[in-house]
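Here's a quick briefing to read with the model open beside you. Have a look at the structure first, then work through the notes by topic.

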Amino acid sequence: MKALKLLSLAVLGMAISAPAFAAGYPEKPVTVVVPFPAGGASDMTARVTTQKMQESLGQPIVVENKPGANGSLGAGQVAKAKADGYTLIVGSIGVYAINPALYKSLPYDPAKDFDLLTVAVRTPNVLVANPNFPANNVKELVEHLKKNPDKVTFASSGAGSSDHLTAALFWQKTGTTGVHVPYKGGAPAITDLIGGHADVSFQNLGAVSNHIKAGKLKLLAVTAEKRNPTFPDAPTMKEAGVEGVEVYSWQAVAAPKGLPADVKGKLEQSLTSALNSPEVKGKFNDIGFEVVANTSGQFSEFLNQEITRWKTVVETGKITADQ
Amino acid sequence: METLSNLWLGLETALTFWNLAYCMVGVLLGTAIGVLPGLGPTATIAMLLPVTFGLPPVSALIMLAGIYYGAQYGGSTTAILVNLPGESSSVVTALDGYQMARQGKAGRALATAAIGSFFAGTVATVLLAVFAPPLADLALQFGPAEYFSLMVLGLVASVVLAHGSLLHAFGMIILGLILGLIGTDVNSGTTRYTFGFPEIADGINFVVVAMGVFGLGEIIGNLANESTRTVMAKTVTGLMPTKDDLKQMAAPVLRGTVLGSMLGILPGGGAMLASFAAYTLEKKVSKHPERFGKGAIEGVAGPESANNAGAQTSFIPMLTLGIPSNPVMALMIGAMIMQGIQPGPSVMTEQPVLFWGLIVSMWIGNLFLLVLNLPLIGLWVRMISVPYHFLYPAILVFCAIGVFSLNNATFDVYLMAIFGFLGYIFRKLDCEPAPMLLGFILGPMMEEHLRRTMLISKGDATVFLSRPISATMLVLALILLATVLAPAVRQKREEAFQEEA
Amino acid sequence: MSHVLQKKDFWAGVLYIAIGAAAFWIGRDYPMGTAGRMGAGYFPAILSVILMLIGLLSAARAIAQEGEAVGAIAWKPLALVVGSTALFGLLLPGAGLVVALIVLILVSAAASQHFRFEPKAAAGLILLVVFCTLVFVKALGVPMPLVGSWFGE
């Protein structure tokens with residue numbers, strides 16, 4: 001047991017040792033709350049980014065997973081934390097934009113309770129189908145949906161997830177309907193899609209790109225503004241004739257409202273330089289993420305647009321995930 | 001021939017000094033974490049994830065895999081020694097393993113678990129090497145309808161877990177199903193029975209319930225009888241299994257391995273069922289089912305083999321399809337992605353060194369586990385001979401910290417206290433907690449799959465019978481239910497019930 | 001023969017009925033839906049009714065058949081073990097791990113008849129606290145404060 005302790009100390013020591021040289025903030029380790037389980041997109045964004053940030057901040061950054069209630073549990077705790085720059089949050093489109101649009105009562109208000117720092121990364125969603133599904137492109141899908149209303153199953157990673165709302169947006173923009181089949185996370189939804197138990201789905205590009213390459217899933221369109229370099233043959237939604245379905249999943253960094261200006265400046269600078277470093281960029285590109293690293297002003301403007309947009313989708317589609 | 005050259009490639013990879021070292025570190029850490037109640041492989045792997053970024057991908061995965069199956073192994077040790085199942089799979093091991101320990105046969109129970117696990121791990125590794133791709137396709141045949149029927153079969157089987165009253169077995173299963181409802185409903189997003197606490201919006205963690213009901217309940221129960229009986233037998237009979245034991249455990253190990261390997265392939269919760277299914281099978285084929293729950297060696301050998309085989313084959317959907325079958329596998333996929341490897345069907349062809357190296361390392365890791373743990377048995381047995389009034393506060397400490405570390409929330413610690421209270425009440429009323437735990441695990445999945453099936457079939461319930469795999473399992477469930485309810489069996493149970501008293 | 005009100009089966013039945021009724025009552029507002037599109041209330045309603053029925057059967061069995069008595073409840077260990085665990089949760093954020101552990105160990109240990117202060121026990125306590133600090137906080141990085149917020153930063 002003693003040897004084991006030393007061993008594990010040594011292994012972990014690598015993670016937490018970092019040079020300490022900065023004056024003023026930060027004087028102690030910074031905690032980054034990820035309101036989702038380890039291994040997910042928010043978690044990966046946080047870990048990749050903070051690893052680099054430690055170098056410029058000169059203090060270790062501890063990633064703490066506080067999963068629960070679609071991310072609102074952890075976000076609520078951060079909203080109440082001290083605004084001293086020692087508690088940050090890395091959350092998803094769900095935490096910042098969809099939860100506020102969907103839930104009547106949330107333990108936080110992203111616009112009022114947070115100092116928005118930056119949108120770190122984004123990844124387009126893709127519309128994929130089981131290879132045996134009759135429609136081979138968006139046009140055929142829309143025709144098929146019109147002929148078979150409320151028949152085609154749309155798998156999603158959960159009620160009120162970004163892929164659920166993307167499907168709802170798609171129905172609203174094309175005047176079609178389908179059956180929403182929620183799963184507990186993206187992985188089981190993709191599994192059933194490959195197995196042919198569900199028909200189509202909007203998924204994050206990174207999560208399905210390998211299945212598309214292997215021919216296990218059929219790519220109908222990307223919900224991005226431009227075609228994706230990995231799949232240059234797949235049209236964008238706009239090219240396929242559907243306007244207004246540009247949807248990205250994004251991950252952003254924020255802190256409790258009221259950060260001292262110098263702390264905020266230091267954090268912004270550290271975030272931007274970390275996100276734009278070739279090493280971090282490369283790592284994100286490998287997993288299908290695109291680095292955004294915008295300013296806090298751009299973030300807050302973008303957030304307003306997103307919340308308005310998803311509120312409309314939720315109201316039009318009469319979507320509820322609340323009691 | 002190709003398999004052989006692939007295995008050779010795997011051996012070359014796994015046997016390099018550093019990979020052996022990482023395998024060893026992983027297995028050691030895993031065992032230690034498994035032994036500490038509450039602290040599971042998911043939390044550990046999550047915490048170690050950043051460390052692995054600095055390692056080459058093969059070494060990283062070898063170490064993480066080692067933590068996973070090492071923890072499975074270590075978990076059984078705690079289940080046997082102090083009746084604390086930290087993993088859903090070790091609930092069953094605790095049933096007979098702990099009884100063996102109380103009779104002074106802790107060493108034999110631990111050795112049985114080690115040997116069974118090693119055998120199962122070996123067979124499962126070979127399966128993984130030879131049949132991975134076709135087996136993965138089989139897993140895809142399982143849709144919501146099939147999973148629902150599998151869960152039904154699992155629930156019926158859980159009745160067999162109880163050795164007391166049949167009525168209470170049913171009652172506790174339903175109670176477990178209701179507890180499983182707590183949290184957010186997957187289909188509608190509605191939160192149920194959360195009393196406004198966001199901490200349980202995602203449901204109550206299994207470990208919280210198990211630690212409370214088994215761990216705290218057991219401690220309170222033991223203290224209540226402190227003056228009248230000793231908790232552990234003073235005389236320890238043999239650390240190693242006798243020739244008779246070996247003979248007795250051979251068939252259960254074999255059956256458990258086969259059953260566990262098959263269930264492990266199913267990503268939708270199959271591996272979780274492996275140990276339960278094996279226990280049910282052993283009790284059903286046994287000529288003396290009344291010995292189960294009172295220290296039957298088959299009740300340790302079968303489930304332990306099934307559990308390890310299932311843990312091993314649950315890598316198949318992850319490696320061949322990129323589909324995680326449990327939270328640990330999801331983390332492994334996260335680790336692969338961070339290393340720039342896209343998990344999926346192409347891993348086997350594009351990353352043969354990683355694929356085969358990992359598979360061979362799992363066998364080596366199992367060998368490490370056996371070699372490490374057999375000598376440790378003596379130490380463990382000595383540890384539980386520490387007077388109980390020194391031992392139990394330490395157990396409580398590990399439970400409390402372990403449960404806290406699940407979500408880094410004190411809320412879970414309070415919940416565990418409540419379940420400890422309930423656990424003692426159940427014990428006083430002869431309501432066995434094992435079937436409740438199975439109901440708790442299976443309930444949410446069963447509801448989710450049922451509702452999803454009905455959604456996809458547009459309300460047509462005949463799909464359960466028109467799909468062959470699903471129909472077969474429902475028929476099996478019916479047969480099992482019939483044998484359970486048969487009056488002759490019931491009489492036997494009542495007799496056993498009287499004896500138990 | 002023991003009285004009905006003393007029997008295990010009777011009280012188990014009461015427990016099932018109570019939990020079933022509570023689950024039914026709380027879940028009465030969850031939407032039921034139809035068999036094809038089951039609502040969130042479908043499963044809870046069915047399960048709570050079944051649990052109440054099983055409870056009735058168990059209570060009926062207590063009346064019809066011989067059965068064991070529940071016996072005395074061990075209040076002291078029950079209260080101390082459950083209480084010490086809850087105290088640990090209460091003290092951890094404010095007082096920190098060290099204090100929370102000492103309280104948990106001492107209060108729970110007081111449930112045993114063999115509880116008394118002796119050098120061996122005190123050494124065990126210190127060893128356990130040190131072990132937990134090193135393994136859980138230092139090595140595994142579980143975010144628990146060693147000294148809590150009540151004692152300043």
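Let's start with a salt bridge: the side chains of Lys8(C) and Asp430(B) pair up at 3.2 Å, N to O, where a salt bridge is a side-chain nitrogen of Lys or Arg within 4 Å of a carboxyl oxygen of Asp or Glu. This pair crosses between chains, running from helix H1 of chain C to the loop between helix H18 (410-428) and helix H19 (433-456) of chain B. Keep in mind that this is a predicted model, in which local features need pLDDT of at least 70 and side-chain atom pairs count only at pLDDT 80 or more, while totals for chains, interfaces and linings use all residues. Residues are numbered from 1 along each chain as its sequence is written, chains are lettered from A and ligands numbered from 1 in the order in which they are written, and side-chain values use heavy atoms, with hydrogens and water left out.

**More on salt bridges**

- Lys8(C) is buried at 12% relative accessible area, whereas Asp430(B) is partly exposed at 26%; buried means under 20%, exposed over 50% and partly exposed in between (1.4 Å probe, protein chains only).
- Side chains of opposite charge can pair when their charged atoms come close.
- Searching the whole structure turns up 21 salt bridges over all chains.
- Asp9(C) pairs with Arg61(C), with the closest N and O atoms 2.8 Å apart. That bridge links distant parts of the chain, from helix H1 to helix H2 of chain C, 52 residues apart, and both residues are buried.
- In chain A, Arg47(A) and Asp43(A) form a salt bridge at 3.0 Å, N to O. They are about one helical turn apart, because they sit 4 residues from each other in helix H2 (residues 41-57) of chain A. Helices here are DSSP runs (H or I, at least four residues) and strands likewise (E, at least two), numbered from the N terminus.
- Arg47(A) counts as buried at 7% relative accessibility, and Asp43(A) is buried at 0%.
- Over in chain B, Asp185(B), Arg192(B), Glu447(B) and Arg451(B) are joined in a network of salt bridges.

**Where chain C meets chain B**

- On the chain C side, 69 residues are in contact with 64 residues of chain B, contact meaning heavy atoms within 4.5 Å.
- The two chains bury about 5600 Å² between them, 78% of it on carbon and sulfur atoms; buried area is the accessible area (1.4 Å probe) that two parts lose on being put together, summed over both.
- How many salt bridges does the rule find across this interface? The count is 1, and the side chains of Asp430(B) and Lys8(C) meet in a salt bridge.
- There are also 16 residue pairs in polar contact, both at pLDDT 80 or more. A polar contact is a pair of N or O atoms within 3.5 Å; within protein, one must be able to donate a hydrogen and the other to accept it, and residues adjacent in sequence count only if both atoms are side-chain atoms.
- H3(C) gives the most to the chain C side, with 12 residues.
- That side divides into 48 nonpolar, 14 polar and 7 charged residues. Ala, Val, Leu, Ile, Met, Phe, Trp, Tyr, Cys and Pro count as nonpolar, Asp, Glu, Lys and Arg as charged, and the others, Gly among them, as polar.
- His389(B), in helix H17 (residues 388-407) of chain B, touches Glu226(B), Ser112(C) and His114(C), not counting residues up to four places away in sequence. His389(B) is buried at 18%.

**Domains of chain A**

- Chain A is divided into domain 1 (18-123 + 248-316) and domain 2 (124-222), with bounds from an automatic or database domain assignment.
- Their C-alpha centres lie 28 Å apart, and 14 residues of domain 1 are in contact with 14 of domain 2.
- The two domains bury about 1100 Å² between them, 65% of it on carbon and sulfur atoms.
- H12(A) gives the most to the domain 1 side, with 5 residues.
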